Amino acid sequence: MARFIRLSPADNIALAVDPVATGETAGDVLARTRIPRGHKMAIRDIATDEPIVKYGQTIGFARGSITAGEWVHEHNVYLRDFERDYGYGANARQTEILPEHQRATFKGYRRPNGKVGTRNYIATLTSVNCSASVARFIAEEVNRSGILRDYPNIDGIISLVHGTGCGIDTKGPAYDLLKRTQWGFATNPNVGGVLMVGLGCEAFQIPRWMQSYNIEESTTFRTMTIQETGGTRKTVDAGVRAIIEMLPMVNAAERTSQPASELVLALQCGGSDGYSGISANPALGAAVDLLVAQGGTAVLSETPEIYGAEHLLTRRAESHAVGEKLIERIRWWEDYTARHDMEMNNNPSPGNKLGGLTTILEKSLGASAKGGTTNLRAVLEYAEPITERGLVFMDTPGYDPVSATGQVAGGANILCFTTGRGSAFGCKPTPSIKLASNSFIFEQMHEDMDINCGDILDGVTLEQKGREIFEEILRVASGGRTKSEALGYGDNEFVPWSLGATM
């Protein structure tokens, strides 16, 4: 008998755990066609236009009549709008926080402003794409020199460069987003020192940016422009000297015991498949519940990928205003995509569909499980500082590098990334823990994956896996290396969200 999972008594489909051949049975249902692993099979007859139900929720509608035992996917499912009950705060409940003496700890860097880092990098930031190469040259030269061997408390010199900074309206949203993102990375607790490199004539002027946040140059914050310094070679030499001068101060930071309440966990998923919503994502949600009970913070994001599941989050909103703000962001995305001749169901990607996901509603219901079960305490703009503890939501695109960039700018000091198809991703200065949704991809990409959640399909409970993930979060926060760090990922994944026209 083939292995299938029915996730809710209300479901009219079941998920194939393994590939199913025509003629195999699931319970008392005979498979009429081949069902790929991670895909769906009708477990009863479904009439034309009847909702397709998974997780006890509507994920689409039948294009025509579907017979029990048929494969259910793009060819016989369509999506249309339907009414949802937002029920603001209806399922909100008191969150129990553990007493201090029962809380877990990790070894982190306590910064002068009270924030705690899990890493200790020096970052070369850029005001504009025109200074990107120079910023990279500076970081590469210091890393290549071998001098960091004398400074063991420094994780490395990273260049966080981007493709904008000019050709933008200095009074528009593109400028504001870049300004906020750059400030967030400069002050992320995983960054111990900053060198900001500009060209000199760009729209995003470094002095204006510094004035916005009352920044002054210091022993661990330096700036320079290529034009004023005298060209590429002179700027690289000056930048290397500036970083070498920072090394003793940045290296003076030491890891000390810190409460888990100081962790700000970014939640990401990419390359999702049909297993993601039943293994890796809810297991990560179980870990989030453990972190929130410690007084810590988790940041759910990717607004286009909670579309269709937003009513489950609004029902957990701690206040009516929090729930309304989430719906406001959903409406903004509907308008944004319409203005660009797109639709929200352009997501899932081809890879998601090959993995068994049919509609954005199905993908979103699985993706939102990363947020666990506690109250939604705040809804934030992109790269806005994260000040609330508990589960919060940050409005970001679904594109992983852009989304994670906003979360790290908000203050995330550690990240968990679930994947079913096998996303390759890192996120300096914030370590990224990769969670595989199925055993096949964990074994296929074992050098990239940190934790296998596929064993949930073999009987490991979500609670057990959530505890394993939580313990891995503490290990990595204390300095343990992730697979993506060992491979060297993270320098190229700094991708600020760019809005508006490029002039």
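**View 1: Asp49 is partly exposed, at 41% relative accessible area.** Buried is under 20% relative accessible area, exposed is over 50%, and partly exposed is in between, using a 1.4 Å probe and protein chains only. You'll find Asp49 in the loop between β5 (40-42) and β6 (51-54). Strands here are DSSP runs of E with at least two residues, helices are runs of H or I with at least four, and both are numbered from the N terminus. Most residues other than glycine have a negative phi.

A quick note for every view: this is a predicted model, where local features need pLDDT of at least 70, side-chain atom pairs count only at pLDDT 80 or more, and totals for chains, interfaces and linings use all residues. Residues are numbered from 1 along each chain as its sequence is written, and side-chain values use heavy atoms, with hydrogens and water left out.

**View 2: Glu302 also has a positive phi, of about 65°, although it is not a glycine.** Look for Glu302 in the loop between β18 (297-300) and α7 (310-314). Is Glu302 buried or exposed? With a relative accessible area of 1%, Glu302 is buried.

**View 3: Lys428 and Pro429 are joined by a cis peptide bond.** The omega angle here is about 10°. Most peptide bonds are trans. Pro429 sits in the loop between β21 (414-419) and β22 (432-436).

**View 4: Helices α1 and α5 pack at an angle of about 50°.** Helix α1 covers residues 132-145, helix α5 covers residues 232-251, and their axes are 9 Å apart. An axis is a line fitted to C-alpha atoms, for helices over the stretch in contact, and angles run from 0 to 180 degrees between N-to-C directions. That makes α1 and α5 oblique to each other; angles under 35 degrees count as roughly parallel, over 145 as roughly antiparallel, 65 to 115 as roughly perpendicular, and the rest as oblique. The crossing of α1 and α5 is right-handed, the label used if the near helix is turned clockwise from the far one by less than a right angle; anticlockwise gives left-handed. On the α1 side, the contact is made by Val134, Phe137, Ile138, Glu141 and Val142. On the α5 side, it is made by Thr232, Arg233, Thr235, Val236, Gly239, Val240 and Ile243. Contact means heavy atoms within 4.5 Å. These residues of α1 and α5 split into seven nonpolar, three polar and two charged. Here Ala, Val, Leu, Ile, Met, Phe, Trp, Tyr, Cys and Pro count as nonpolar, Asp, Glu, Lys and Arg as charged, and the others, Gly among them, as polar.

**View 5: Helices α6 and α13 pack with their axes 7 Å apart.** Helix α6 (residues 280-293) and helix α13 (residues 462-477) make an angle of about 65°, and their crossing is right-handed. From α6 come Pro282, Ala283, Leu284, Ala286, Ala287, Leu290 and Leu291. They meet Leu462, Lys465, Gly466, Arg467, Ile469 and Phe470 of α13. The tally for α6 with α13 is ten nonpolar, one polar and two charged residues.

**View 6: Helices α2 and α11 cross at roughly 60°.** The axes of α2 (residues 173-186) and α11 (residues 400-410) come within 7 Å, and the two helices are oblique to each other. Which way do α2 and α11 cross, left-handed or right-handed? Their crossing is left-handed. Thr181, Gly184 and Phe185 in α2 meet Thr405, Val408 and Ala409 in α11. That contact has three nonpolar, three polar and no charged residues.

**View 7: Pro385 sits in the loop between β19 (376-380) and β20 (390-394).** Not counting residues up to four places away in sequence, Pro385 touches Leu380 and Gly410. Pro385 and Gly411 are 26 residues apart in sequence, while their C-alpha atoms are 6.3 Å apart in space.

View 8: A disulfide is a covalent bond between the sulfur atoms of two cysteines; here it is called when a pair of cysteine sulfur atoms lies within 2.5 Å. Cys416 counts as buried, at 0% relative accessibility, and Cys427 counts as buried at 6%.
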